[in-house]
Amino acid sequence: MKKERLQKLGDWLNEQNTDAAFISSTENIFYLTNFYTDPHERLMGLFVFKEAEPFFICPGMEVSQARDAGFEGEIIGYADHEDPWEKVKTAIHKRGRQNMKQAAVEKELLPFSRAEEIQKILPDAALVSAEEIMNELRLVKDEKELAVLKQAAELADYGVEIGVQSLKEGVSEMDVLARIEYELKRKGIREMSFSTMVLFGKKSGQPHGNPGLAALKEGDFVLFDMGVVLDGYCSDITRTLAYKSVSSEQKKIYQTVLDAQLQALDASRPGTRIGDLDQIARDVITNAGYGEYFPHRLGHGLGISVHEYPSISHTNNGVLKEGMVYTIEPGIYVPEIGGVRIEDDVCITKDGHETLTKFPKDLQIIQ
């Protein structure tokens, strides 16, 4: 499968008359080679050519792992005291590609200092974007990717279940967060998709709030937002509950968000304009009088990155395709009351969609 992905990138280079691509992000390297590591500040990159064999450069301490991951091309390692760009230059010259006219790079991710190094080696090459082709390649998931994403979603459901079980009067946000991550680590999860959120009361009205030592009390909304990384793929779930009692306004806010989410889910099928999903949910919330309290897009693509292409925004004119995976997560955040967000991971199927996250969504009042 990785050979097929490299071939598709090579085909694109031929179609665009681009001599080579330099891929350096951890996520895209994993997608193309099956090798996942964080090199920190060290150079790691995959060079794919229109008319030459690819090569992969990485810190010497990572070479055996890269080989074990299955990359069959040349792997060039280097020690910390060596200049990796000299090795890159040698490898490019060995392939007779030093006079390239155009090279594709990840324009959103490549540091300027590394772009300068590439242009020193390839002074005649114009740098163009590889971002669009990599987004397109990663957009539709294959069966193996979908299987991992489903397992990751199940573990996100489990995280919410543990969080709910941990709620009791006086417990802090960090107490609950620690219990969730501890139990997930016992399941073998080493890394969360992002910093886990557990927010009580008014803090639930902060879309990206920071958990702290706030104590749970009666009448609070409790918002959980979390996901896990499993075999290189991410999940992302949000659930909101109420503790012991709920006001009529809280009920209205919750039901409005749920209605918005369910209507956007109902429209999730091949051929639907992506922006229409956001607009459907936004109209429900606006018509209920809470439009100003829904400040973010409806969702985002999901896969190797927790936020990836496409953006589920009302301005997106793309269409849904079978195999796409993304989130639907409308929210209402009222400062003096708190917030509600309901988020699921969704996969487009041949005839409609499958919701990968399964934790119940009807308003739960925890006693």
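Arg5 is placed over the face of Tyr31, 3.9 Å from the ring centre; a charge counts as over a ring if NZ of Lys or CZ of Arg is within 6 Å of the ring centre and within 35 degrees of the ring normal. The model is predicted, so that local features need pLDDT of at least 70 and side-chain atom pairs count only at pLDDT 80 or more, while totals for chains, interfaces and linings use all residues. Residues are numbered from 1 along each chain as its sequence is written, and side-chain values use heavy atoms, with hydrogens and water left out.

| Charged residue | Ring | Distance to ring centre |
|---|---|---|
| Arg5 | Tyr31 | 3.9 Å |

Helix α10 covers residues 274–287 and reaches 21 Å between its end C-alpha atoms, close to the expected 20 Å. The expected span is 1.5 Å times one less than the number of residues. Helices (H or I, at least four residues) and strands (E, at least two) are DSSP runs, numbered from the N terminus. Just after α10, Gly289 adopts a positive phi of about 95°.

Helix α7 (residues 143–165) likewise agrees with expectation, because its 23 residues should span 33 Å and its end C-alpha atoms are 33 Å apart. The N-terminal end of α7 is capped by Asp142, with a side-chain oxygen 3.1 Å from the backbone nitrogen of Lys144.

Arg341 belongs to strand β16 (residues 338–341). Arg341 counts as buried because its relative accessibility is 2%. A polar atom of the Arg341 side chain lies 3.4 Å from the backbone oxygen of Pro207.

Four strands form an open sheet in the order β7-β8-β11-β19, with mixed pairing. Its edge strands, β7 (197–200) and β19 (365–366), each pair on one side only. Strands pair if DSSP finds at least two bridges between them; β8 (residues 221–226) and β11 (residues 237–243) run antiparallel and are joined by six. Opposite Phe221 stands Ala242 in β11.

How values were computed. Buried means under 20% relative accessible area, exposed over 50%, partly exposed in between (1.4 Å probe, protein chains only). A polar contact is a pair of N or O atoms within 3.5 Å; within protein, one must be able to donate a hydrogen and the other to accept it, and residues adjacent in sequence count only if both atoms are side-chain atoms.
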